[in-house]
Amino acid sequence: MIGSWSRRSKMIAAALAVIFLVFYGISVYWSQEPDTFDVEKYSQQVSKQINQPIVPGFVTTTTLMRLAQTLLDKPGGYLSNDIMPPSVFMDNMPSWELGVLTQIRDMTLIMRKDLSRSQSQSEEDIDLKIAQPKFYIDHQSWMFPSAESEYSKGIELLGDYRHRLSLNNANQAHFYARADNLVDWLKEVQNRLGSMSQQLSASVGRAQLNTSLKDTNPDAPSVDSNIQDKTSWMQLDNVFYRARGSSWALLELMRAVEIDFHDVLVKKNAVVSVRQIIRELEATQQPVWSPMILNGSGFGILANHSLVMANYISRCNAAVIDLIELLNNG
């Protein structure tokens, strides 16, 4: 009896070990980040496939569609709303997906509000006003409706908008590649980069002065002037991969913007500024050779991957600020 129970326990333990190894292997495969791509060559391929000329806005819209489609087609598909193992136990790739989705949301909103309208009182584009909310569904929604189904509908509507860009009739869509429209998007980018840099820098913790009460109300009760802001060690990798995904998407969008806004950038002598931003974003996509995100402090023997990423993003943010200034005053 004891021997039979012992054999049964060993079989159960062996089965659990096999399941664990299978799930682990799947998790590693599904955690592979998609490679960057050449937006110009890809847009040319798509142009030939759909027999549509490359007009202003074509490259940006095509790139945006590619980013959204990548969320659905990469290994494992879209993982953020999965409720089954092994993806339910994964957090790095869902964080990466959220970073990409954030950039998709920002660009679709700017396209709806500014890029497709000649002025603030112009009518919204019929496809973009439906497509933009599709990407704002809860990224963890898994049914009624699922995030994947809404994103797929958004991609289709972006395709309809792209098709209408080349028409010469009343149904023609518009993409106004003006400096002021580009600045509107860059201001959103600046805010995102600044926020990412702060979150990444908080990996080692930092003391901040609490001026929320005293500066506005001298009679307010005394509070501790030092606030310790530090990211939980359980959230370090999530913050890192969210920033990495956002930087990946922003890199491709910047490459697309360089093409669609080429004339404006040349006129403002801003081409080099855009390429500097692209270079800094490319640095954020270097391979991570460590099996885990390290959080060394100071000049210790261990690296701090969050601070390295924060450095590149801060440099990129500074370049974006310079570009905004150049577009406004150049």
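Predicted model: local features only at pLDDT ≥ 70, side-chain atom pairs only at ≥ 80, totals over all residues.
Colleague: Why is Ser-197 called buried?

Modeller: Its relative accessible area is 9%. Buried means under 20%, so Ser-197 counts as buried. Ser-197 lies in helix H7, residues 179-201.

Colleague: What does Ser-197 touch, not counting residues up to four places away in sequence?

Modeller: Ser-197 touches Ala-310, Ile-313 and Ser-314.

Colleague: Why does Thr-60 count as buried?

Modeller: Thr-60 has 1% relative accessibility. The cut-off is under 20%, so Thr-60 is buried. Its place is in helix H3. Leaving aside neighbours within four places in sequence, Thr-60 is in contact with Met-107, Phe-175, Ala-256, Val-257 and Asp-260.

Colleague: And Ile-83? Why is Ile-83 called partly exposed?

Modeller: Its relative accessible area is 47%. Buried is under 20% and exposed is over 50%, with partly exposed in between. Ile-83 is therefore partly exposed. It sits in the loop between helix H3 (58-73) and H4.

Colleague: What makes the nonpolar surface patch that includes Ile-83?

Modeller: Ile-83, Met-84, Trp-142, Met-143 and Phe-144 make it. The patch is about 600 Å². Patch residues need over 30% relative accessible area. Ile-83, at 47%, passes that step.

Colleague: How do you know that the length of H10 agrees with a helix?

Modeller: H10 has 13 residues, 271-283. At 1.5 Å a residue, they should span 18 Å. The end C-alpha atoms are 19 Å apart, so the span agrees.

Colleague: Which residues of H10 are buried?

Modeller: Val-271, Val-274, Ile-277, Ile-278, Glu-280, Leu-281 and Ala-283. The buried residues of H10 pack against helix H8 (236-260), helix H9 (262-267) and helix H11 (305-329).

Colleague: What makes you say H4 is mostly covered?

Modeller: The count: 20 of its 24 residues are buried.

Colleague: Which residues touch the most other members of the largest nonpolar core?

Modeller: Trp-185, Leu-186, Met-254, Val-320 and Leu-327, out of 75 residues. The largest share, 12 residues, comes from H8. In soluble globular proteins, nonpolar side chains tend to be buried together.

Colleague: What does Val-320 touch, not counting residues up to four places away in sequence?

Modeller: Val-320 touches Leu-186, Val-189, Gln-190, Leu-193, Met-254 and Ile-277. Ile-277 is one of the buried residues in H10.

Conventions. Residues numbered from 1 in each chain as written. Heavy atoms only, no water. Helix = DSSP H or I, 4+ residues; strand = E, 2+ residues; numbered from the N terminus. Expected span 1.5 Å × (residues − 1). Buried < 20%, exposed > 50% of the residue type's maximum accessible area, 1.4 Å probe, protein only. Contact = heavy atoms within 4.5 Å. Patch = residues over 30% accessible without salt bridge, like charges linked within 9 Å, V, L, I, M, F, W, Y side chains within 5 Å. Areas by Shrake-Rupley, 256 points an atom, 1.4 Å probe, with all protein chains shown as cover. Salt bridge = Lys/Arg side-chain N within 4 Å of Asp/Glu carboxyl O. Core = buried A, V, L, I, M, F, W, Y, C linked by side-chain atoms within 4.5 Å.
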